[in-house]
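Here is a friendly note for anyone opening this structure for the first time. The points below can be read with the structure alongside.

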Amino acid sequence: MKTQQVAIDSLVQVNNEICLHLSLTSIPMVGPGQYFQVCDAEDDLLLPGVLHVCRVEGNSVLLCGETHKYWLPGTELHLRGPKGNGFHLPPLAKRVALTTLDRSSLNPLMPVANLALQMGAEVTLLTNRPLTDLPAEIEVLALDELETVKGWADYLAAVSTCENLPALQRKMQVSSGNKPLVEVLIDTPMICAESSACGACAVQTRKGWRLACKDGPVFKLDDLALEEGAHG
Amino acid sequence: MDEWSSELGINSPWMNAAGFGGFLPQNDVSVSKPMGAFVTNPISAQPRSPARDRAVKPYAGGFLLHTGYPSAGLKRVLQEYAPKWRRLPLPVWVHLLAEEGRELQLMLRTLEGVENVEAIELGLPPGLDEKEQANLIASARGELPLFICLSLGDLRPTVLEKLPGLGASGLVISAPRGIMMKGRKAIHGRLYGPALHPQLLSALRDLRGYSLPVLAGCGIFSVEQGEAALDCGAAAVQVDGWCWKF
């Protein structure tokens, strides 16, 4: 996997989160939901962090995620990626919903929103947070309306921690009829990024345990299972 | 290279710690030293699921990590990796997790027939008393050299003095256990990081003259720290979280 060494151009606040603006020599093809592994060149961090793409413009990229307070413009970073499996926005989706359950950053979902808007889909965000950097075309509904998504959306892209998955699964349960395809980016530390299969990012699926760093971090909600097999 | 390295059967005193290299060596680890052996992730006899309360919690100078050492089980690991281990240019040390002696003996007999597996590391489960530890170690006696992992902070003289008689070939000082709080919930795990380095050196100094080779298996986050551990008497050093830097 290619590693790029790159300096931070600037820090940008987007949707209440500090993001890194970087100019890359080459912008790899990055699918929504894929991630980059990052280390700082000065060895200030003991563990690699995970950054998600928020926006790509020309050869510059805006990354969000595990940024650090001592990262400033000019700080050299080592970047590896893109890695993992991202979102699969259905090409014919007309009504796309987004949510983070207000527990995670919204910014990893912005590439999904932008792609959906480019496809001519309507995009709705379910949140109670005040957000100031959303495209005007995105409709905002209160998070309490999340269950109604089952009745009108073709596709729901979500970000969730493992702890909040059962709540999302309950809200998306339907007894009969069609339901939207729901994909979830699992918000979990991915420290070894599959190099040693450390298991810190393990996710239980209906087909057994999987690693978010390798098999995700985006999974179909229907493929995820409650953690009944875990020990300790 | 000191007297121990040749006894350990390694060409370099540098290796990875169990749990930080996967099941095959990585090409792009940050450690600039040639590796003397490759240590596998911990392997149990049966498939082992991740811990329910797995966690990564950084703190100043280190981090707590709790994964539960998930494992596909020895049979599946060998199916996938034994053919690849055979072709590696460095020896493989298999790290085993076992709760009881019979299970451990079966794993050892299987591994004795696997080409290029040159040593066994045994991680002791938490909560065993000294007698239970001794019984488990004694049951691991076999054809392959046996290295016993004891946590920094858990190096009791009463245990150490028994190891040679129980068939151990060496001691690995592994990462200590600790607790951090998440709100009011206690998170248990192993502690890693350069903050352990001074304690590691102190333990190595205390173990000078010990009858078995001692491997420094925690608190190494730079070449300088590794060399300091070797200077303080370590026969070899095992690198943990530093493996993941790039």
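This is a predicted model: local features need pLDDT of at least 70, side-chain atom pairs count only at pLDDT 80 or more; totals for chains, interfaces and linings use all residues.

1. Is B:Cys218 buried or exposed? B:Cys218 has 30 other C-beta atoms within 10 Å, and 20 or more are needed to count as buried, so B:Cys218 is buried.

2. Which residues does B:Cys218 touch, leaving aside those up to four places away in sequence? The list includes B:Leu152, B:Ile173, B:Ser174 and B:Ala175. B:Tyr192, B:Leu196, B:Leu200 and B:Asp240 are also touched by B:Cys218. As for B:Leu171, 47 residues separate it from B:Cys218 in sequence, while the C-alpha atoms of the two are 13 Å apart in space.

3. β6(B) pairs with strand β5 (residues 92-97) of chain B in the parallel sense, over 6 bridges. In this pairing, B:Val117 of β6(B) stands opposite B:Val92. β6(B) also pairs with strand β7 (residues 146-151) of chain B, again in the parallel sense, and here there are 4 bridges. B:Leu122 has B:Ile148 in β7(B) as its bridge partner.

4. β5(B), helix α3 (residues 101-111) of chain B and β6(B) form a right-handed β-α-β unit. A right-handed β-α-β unit is also made by β6(B), helix α4 (residues 130-139) of chain B and β7(B).

5. Helix α3(B) deserves a look of its own. Which of its residues are buried? Among them are B:Leu104, B:Met107, B:Leu108 and B:Leu111. These residues lie on the same side of α3(B) because they cover an arc of only 100° around the axis. On the other side of α3(B), B:Arg102 and B:Arg109 are exposed. The cover over the buried residues of α3(B) includes α2, β5, β6 and α4 of chain B.

6. Chain B also has an open sheet of 4 strands, in the order β3-β4-β10-β9, with antiparallel pairing. Its edge strands are β3 (55-59) and β9 (177-182), each of which pairs on one side only. On average, neighbouring strands of this sheet are turned by 40° against each other, direction ignored. β9(B) runs antiparallel to strand β10 (residues 185-192) of chain B, and 6 bridges join the two. B:Met180 stands opposite B:Ile187 in β10(B). As background, strands of a sheet pair through backbone hydrogen bonds, either parallel or antiparallel.

7. Most residues other than glycine have a negative phi, and most peptide bonds are trans. B:Tyr69 is found in the loop between β4 (62-66) and α2 (74-86) of chain B, and it is buried, with 20 other C-beta atoms within 10 Å. A:Asn16 has a positive phi too, near 65°. A:Asn16 is placed in the loop between β1 (3-14) and β2 (17-23) of chain A. With 13 C-beta neighbours inside 10 Å, A:Asn16 counts as partly exposed.

8. Chain A has cis peptide bonds to look at as well. One joins A:Gly81 and A:Pro82, with omega about 5°, and A:Pro82 lies in strand β6 (residues 76-83) of chain A. The peptide bond from A:Gly216 to A:Pro217 is also cis, and its omega is near 15°. A:Pro217 is in the loop between α4 (212-215) and β14 (218-220) of chain A.

9. To finish, how do the chains meet? 23 residues of chain A are in contact with 25 residues of chain B. On the side of chain A that touches chain B, the residues divide into 13 nonpolar, 8 polar and 2 charged.

Definitions and conventions. Residues are numbered from 1 along each chain as its sequence is written. Chains are lettered from A and ligands numbered from 1 in the order in which they are written. Two residues are in contact if their C-beta atoms, placed from the backbone, lie within 7 Å. Ala, Val, Leu, Ile, Met, Phe, Trp, Tyr, Cys and Pro count as nonpolar, Asp, Glu, Lys and Arg as charged, and the others, Gly among them, as polar. A residue is buried if 20 or more other C-beta atoms lie within 10 Å of its own, exposed if 12 or fewer, and partly exposed in between; C-beta atoms are placed from the backbone. Two strands pair if DSSP finds at least two bridges between them. A crossover is right-handed if, with the strands pointing away from the viewer, the path from the first strand over the helix to the second runs clockwise. Axes are lines fitted to C-alpha atoms, for helices over the stretch in contact, and angles run from 0 to 180 degrees between N-to-C directions. The arc is that of the directions from the helix axis to the C-beta atoms.
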